[in-house]
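Visitor: I have a model open here and would like to go through it with you. Can we start with the overall picture and then move to details?

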Amino acid sequence: MASQRHVTVGGVQIGGGAPVAVQTMTKTETANLAATMAQIRTVADAGADLVRVAVPRDKDVEALKTIVEESPIPVIADIHFNHTLALKSIDAGAHCIRLNPGNIGGPEKVAEVADKARAAGTPMRIGVNSGSLPKHLHTLERENPVEALVTAGVEFVQLMERLEFTDFKVSIKSTNVPYTIAANRLLSERIPYPLHLGITEAGTRWSGSLKSAVGLGTLLADGIGDTIRISLSTFHAEEEVKVAWEILKALKLRERGPVLIACPTCGRLQFDMDTVVAEIEERLRQYEDPIEVAVLGCAVNGIGEASHADFGITGAKNEGLIFAHGKPIRKVPQDELVDALFTEIDRSIDRGAVVVDEHEAAEGAEWLEKIEEENAGEMTPERIAAMEAAAATEGNGESLPMAGAPKAKRITLGEEESPTAGRRFTRA
Ligand code: SF4
């Protein structure tokens with residue numbers, strides 16, 4: 001369940017129904033001011049709401065003062081083992097202190113940090129990872145790792161409450177995705193405090209992003225989690241931010257910039273869609289509006305499932321079509337498709353509406369209709385999906401191959417019969 005309480009980190013509310021905050025951690029030596037500030041600006045540009053910096057030495061605390069002053073987003077000081085550094089970080093103006101109450105030297109030292117944080121109005125993130133559970137939970141960890149993680153989290157919460165410090169969020173993380181999901185589900189039922197979600201040491205950009213999307217996405221879809229950090233093995237912290245945003249956008253929890261949708265391609269593809277999609281994705285990064293752009297590998301299905309997109313292109317061998325909100329705008333030579341798409345997007349942003357030339361739109365519609373008619377019998381993935389849906393609705397699985405076939409002139413199931421058999425797309 002969603003957290004009832006919230007904390008405010010440098011003006012960013014976390015929990016209590018606030019939008020899920022995106023955070024990341026710098027990978028620079030914090031004391032290297034130029035490098036750290038450059039990375040903070042980069043992650044802020046990428047959409048980070050908060051940034052965490054490691055503070056393992058006195059020289060990092062020194063740098064922290066300037067970082068807090070110059071950072072465009074609130075700064076969290078990440079402390080392990082040394083409560084003195086936590087005290088100094090509060091003095092340095094950190095907007096939040098992250099610490100593991102189990103490795104900071106005992107309850108007295110936690111109390112010292114809590115007292116100072118309370119006086120300064122500095123919130124904390126407390127929590128534990130699966131690799132650093134307190135000793136007395138090691139037996140339980142072997143028997144029930146999820147319960148051990150949750151117990152550690154609840155014990156830390158109780159410790160902070162005894163210290164009369166409640167301005168905190170909580171994290172319990174594991175490298176194991178199912179454990180992270182199960183533990184956070186349980187914890188969210190047992191405590192009212194905001195939850196920080198993450199998968200510890202998730203991995204590389206590819207595998208780490210997927211693990212995080214599965215783990216964090218599952219929890220967020222249930223309304224659990226108030227701030228997220230994607231941990232990736234890359235020096236480029238902005239990549240973590242981009243992945244976090246994709247997860248939030250996919251779940252429709254937050255909006256930021258354009259959404260690109262693209263067909264998976266198949267043997268009907270008639271142009272180099274890999275290159276085209278990559279170019280469109282790159283160019284869309286310059287836009288802030290949450291426009292939805294679709295790329296279809298062929299016009300065989302018409303605009304079909306992309307008809308809800310704000311803009312889209314669908315290609316054929318020599319020509320392609322620009323469309324908007326399910327309506328053709330104009331056809332253009334295939335190698336001009338991407339530029340023409342962005343011309344239309346820019347024009348519509350400038351004028352606040354899609355600009356349609358009736359003559360060009362009619363030409364485009366005619367072109368599209370011709371391709372649809374020529375390929376009416378093609379068993380495309382989209383048509384098969386439509387037929388399956390129709391068959392399921394009718395409750396007649398046996399008639400599936402014929403049921404609901406859109407505009408079917410003939411059914412071409414074999415490669416020999418297919419009008420597109422043997423066709424190859426041409427690379428630009
Ligand atoms: S049939 Fe569908 S998946 Fe295949 S290229 Fe055309 S739009 Fe893409």
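This is a predicted model: local features need pLDDT of at least 70, side-chain atom pairs count only at pLDDT 80 or more; totals for chains, interfaces and linings use all residues.

Visitor: Fine. How many helices and strands does the protein chain have?
Guide: The protein chain has 13 helices and 15 strands.

Visitor: And what does the C-alpha trace span along its principal axes?
Guide: The span is about 80 × 50 × 35 Å.

Visitor: What percentage of the residues count as buried?
Guide: Of the 428 residues in the protein chain, 51% are buried. As for contacts with a separation of 6 or more, 64% come from residues 24 or more positions apart.

Visitor: On to helix packing. At what angle do H1 and H2 pack?
Guide: About 30°, with the axes of H1 (residues 33-46) and H2 (residues 58-70) 11 Å apart. An angle under 35 degrees counts as roughly parallel, so H1 and H2 are roughly parallel to each other. Their crossing is right-handed.

Visitor: Which residues make that contact between H1 and H2?
Guide: H1 contributes Leu33, Thr36, Met37, Ile40 and Arg41, while H2 contributes Ala63, Thr66, Ile67 and Glu70. By class, the residues of this H1 and H2 contact are five nonpolar, two polar and two charged.

Visitor: What about H1 and H9, at what angle do they pack?
Guide: H1 and H9 (residues 237-250) pack at about 15°, and their axes are 9 Å apart. H1 and H9 are therefore roughly parallel as well, and they cross in a right-handed way.

Visitor: Which residues of H1 and H9 are in contact there?
Guide: On H1 they are Gln39, Thr42, Val43 and Ala46, and on H9 they are Ala237, Glu238, Val241 and Trp245. The contact of H1 with H9 has five nonpolar residues, two polar and one charged.

Visitor: Now H10 and H11. How do their axes cross?
Guide: The axes of H10 and H11 (residues 337-351) cross at roughly 30° and come within 10 Å. That makes H10 roughly parallel to H11, and the crossing is right-handed.

Visitor: Which residues meet between H10 and H11?
Guide: Val276, Glu279, Ile280, Arg283 and Leu284 of H10 meet Val338, Asp339, Leu341 and Phe342 of H11. The contact of H10 with H11 has six nonpolar, no polar and three charged residues.

Visitor: Where is Phe81, then?
Guide: Phe81 is in the loop between strand S5 (75-78) and helix H3 (83-91).

Visitor: Is Phe81 buried or exposed?
Guide: Exposed, because its relative accessibility is 62% and the cut-off for exposed is over 50%.

Visitor: And what is the phi of Thr265?
Guide: Thr265 has a positive phi of about 70°, and it is not a glycine either. Thr265 sits in the loop between strand S11 (259-262) and helix H10 (273-284). With a relative accessible area of 34%, Thr265 is partly exposed.

Visitor: Last one, the ligand. Which residues are around the ligand?
Guide: Thr265 is one of them.

Conventions
Residues are numbered from 1 along each chain as its sequence is written. Side-chain values use heavy atoms; hydrogens and water are left out. A residue is near a molecule or strand if one of its heavy atoms lies within 4 Å of it. Axes are lines fitted to C-alpha atoms, for helices over the stretch in contact, and angles run from 0 to 180 degrees between N-to-C directions. Helices (H or I, at least four residues) and strands (E, at least two) are DSSP runs, numbered from the N terminus. Angles under 35 degrees count as roughly parallel, over 145 as roughly antiparallel, 65 to 115 as roughly perpendicular and the rest as oblique. A crossing is left-handed if the near helix is turned anticlockwise from the far one by less than a right angle, and right-handed if clockwise. Contact means heavy atoms within 4.5 Å. Ala, Val, Leu, Ile, Met, Phe, Trp, Tyr, Cys and Pro count as nonpolar, Asp, Glu, Lys and Arg as charged, and the others, Gly among them, as polar. Buried means under 20% relative accessible area, exposed over 50%, partly exposed in between (1.4 Å probe, protein chains only).
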